[in-house]
Amino acid sequence: MEMIEEAYKSLYPEKDFNFETRIKYSGHFRGYNANASLRSNKLNFHLSKQWREVSRDIKIGLIQELLCKLLKNKTKTYHMDLYHNFLKNVHIAVPKTKVDETLLQHFILINEKYFAGFLEQPNLRWGSHSISKLGSYDYGSDTITMSKALQHDPELLQYVLYHEMLHKKHKFSHTGGRTHSHTPVFKADEEKFENAAECEKRLRYLPRKPRTGFMKIFNFG
Ligand SMILES: [Zn+2]
């Protein structure tokens, strides 16, 4: 049976499968990202090219995960468990080739201070000057990306970097078909940062470009 059909049938054993399907591997995604779309009966999957090398069982889990998102289904399957486990562990095999020297020094300091030096070093890179996205952690490529907007503010840089490092530490918990990254445990850890409350306040009032006033809403991935 074709992969997508098999994934669908195990989610909806009673339903007929009458979709036109397509899987496209592309170099546009980083890491192990993927997405899916459904228009009339056309079911298209777009996977990063890294997925080519991944086993069929894990790919079925990915397809089911995407199908559940599309069709608002909260089912969990054995294949989806395999997929989540794969994502949680894939960072081990990812090559650490993109490491910015400045970010590495900050990483080492924070790692010593808050993680007893135990957090394994991810890729560390600068992103754009974005104020709306100050930092992010991508599980698939094991990469922390920091906004250049924080380049000249070591304290805020370290606070946001610490947040992203916590994402690497905690990974994610998966319950009822939803992914929770900012769990209560995560938030309790976040508050352990020296001056956390003060940094939080300052983040809310990061200046945007001149004449556009102040940004009061912020987020980091
Ligand atoms: Zn976050």
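Colleague: Is Val 99 buried, exposed or partly exposed, and why?

Modeller: Count the C-beta atoms around it. A residue is buried with 20 or more others within 10 Å and exposed with 12 or fewer. Val 99 has 14, so it is partly exposed.

Colleague: Now the sheets, please. In what order do E4, E5 and E6 lie?

Modeller: Here is the general idea first. Strands of a sheet pair through backbone hydrogen bonds, in either a parallel or an antiparallel way. In this case the order is E4-E6-E5, an open sheet with mixed pairing. E4 (123–126) and E5 are the edge strands, each pairing on one side only. Neighbouring strands are turned by 15° against each other on average, direction ignored.

Colleague: Where does the mixed pairing come from?

Modeller: Take the two pairs in turn. E4 and E6 run parallel and are joined by four bridges, and Trp 126 has Met 146 in E6 as its bridge partner. E5 (residues 135–138) and E6 pair in the antiparallel sense, over four bridges, with Ser 136 opposite Thr 145. Four residues lie between the strands of the E5 and E6 hairpin, where Asp 142 takes a positive phi near 50°.

Colleague: What is the order of strands in the sheet with E1, E2 and E3?

Modeller: That open sheet runs E1-E3-E2, and its pairing is mixed. E1 (20–26) and E2 (34–39) each have a single partner strand, so one side of each lacks a neighbour in the sheet. E1 pairs with E3 (residues 42–48) in the parallel sense over seven bridges, and Tyr 25 stands opposite Leu 47 in E3.

Colleague: Which helices lie across these sheets?

Modeller: H2 (residues 56–71) lies across E2 and E3, at about 50° to E2. H5 lies across E5 and E6, at about 20° to E5.

Colleague: And how should I look for a core?

Modeller: In soluble globular proteins, nonpolar side chains tend to be buried together. The largest nonpolar core here has 37 residues, and those with the most contacts inside it are Ile 63, Leu 150, Val 160 and Leu 161. Elements giving two or more residues to this core include H1 (3–11), H3 (78–89) and H5 (154–170). H5 gives the largest share, eight residues.

Colleague: How far can I trust the model?

Modeller: Check the pLDDT. The chain has a mean of 87, and 90% of its residues reach 70 or more. Over residues 209–219, however, the pLDDT is below 50. Where pLDDT is low, the predicted coordinates should not be read in detail.

Methods:
Residues numbered from 1 in each chain as written. Predicted model: local features only at pLDDT ≥ 70, side-chain atom pairs only at ≥ 80, totals over all residues. pLDDT = per-residue confidence, 0-100. Contact = placed C-beta atoms within 7 Å. Pairing = 2+ DSSP bridges. Axes fitted to C-alpha atoms, helices over the stretch in contact; angles between N-to-C directions. Core = buried A, V, L, I, M, F, W, Y, C linked by C-beta atoms within 7 Å.
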